[in-house]
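Thanks, everyone, for making the time this morning.

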Amino acid sequence: MAPLVHGFDPPERFVSGTVGPPGSRTFFLQARSGARVVSVALEKQQVAALAERIDELLDEVMSSERNTAMIPAVAPLDLEDAAPLEQPIEEEFRAGTMTLSWDPDDERVVIEVFPFTEAAVVSPDQVDEDFEEPEPDEVLLVRLGAGAARAFVKRSAQVLEAGRPTCPFCALPIDPDGHLCVRANGFRRRDP
């Protein structure tokens with residue numbers, strides 16, 4: 001059976017965002033066209049990796065000799081989006097594998113987000129084995145222009161920075177009620 005494709009080509013809005021207080025935030029990717037909204041939950045590290053890779057992809061395309069696309073070096077001001085996520089947030093699925101590519105014909109970044117499944121988890125001792133990932137039940141497919149992709153990267157950086165502050169001594173996050181810093185206390189527990 002073919003997977004259900006939540007396609008947006010291009011979306012009116014594609015953003016990352018969070019729900020909850022710093023330290024217990026849930027991260028989402030959200031795409032909207034008209035009244036149709038799709039929200040996909042994911043991990044903070046996935047948001048960071050996706051934004052970083054989109055930025056790298058656009059830089060690679062910009063520097064390519066065959067590039068004819070008009071790709072902005074930074075997010076255009078008219079495409080910046082600081083609004084909160086669309087409400088109500090109804091999670092379609094939790095993100096697992098994500099793919100990213102450049103479509104030179106349409107000059108768009110193509111993002112595919114597949115649901116997380118336990119069957120797709122590979123242990124370190126299975127890395128060399130032939131492995132076929134199971135067919136997903138659904139997929140989020142978003143095709144963005146270069147300016148909108150840069151705007152997604154900028155907003156994602158702001159979302160990631162809005163979390164808990166980082167301790168200047170140990171680089172661990174500081175909770176609202178503080179934290180026990182192993183470096184500021186002058187010692188670190190070691191297993192005997």
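Phe-14 has Ala-31, in strand S3, as its bridge partner, and I start from this pair in what is, please keep in mind, a predicted model.

Now, what stands opposite Ala-31 in S4? It is Val-38, and the strand that holds Val-38, S4, covers residues 36–42 and pairs with S3 over seven bridges, again in the antiparallel sense. The hairpin of S3 and S4 has two residues between the strands, with Gly-34 in the turn at a positive phi of about 65°.

Let me turn to the helices. In general, two packed helices are described by the distance between their axes and the angle between them. For helix H1, residues 44–63, and helix H2, residues 146–161, the axes come within 9 Å and cross at roughly 145°, and the crossing is left-handed. By class, this contact has twelve nonpolar residues, four charged and one polar. On the H1 side the contact residues include Val-47, Leu-50, Ile-54 and Leu-58, along with Asp-55 and Asp-59, while those on the H2 side include Phe-152, Val-153 and Leu-160, together with Arg-150 and Ser-156.

Notes: Residues numbered from 1 in each chain as written. Predicted model: local features only at pLDDT ≥ 70, side-chain atom pairs only at ≥ 80, totals over all residues. Heavy atoms only, no water. Pairing = 2+ DSSP bridges. Helix = DSSP H or I, 4+ residues; strand = E, 2+ residues; numbered from the N terminus. Axes fitted to C-alpha atoms, helices over the stretch in contact; angles between N-to-C directions. Left-handed = near helix turned anticlockwise from the far one by under 90°. Contact = heavy atoms within 4.5 Å. Nonpolar A, V, L, I, M, F, W, Y, C, P; charged D, E, K, R; others polar.
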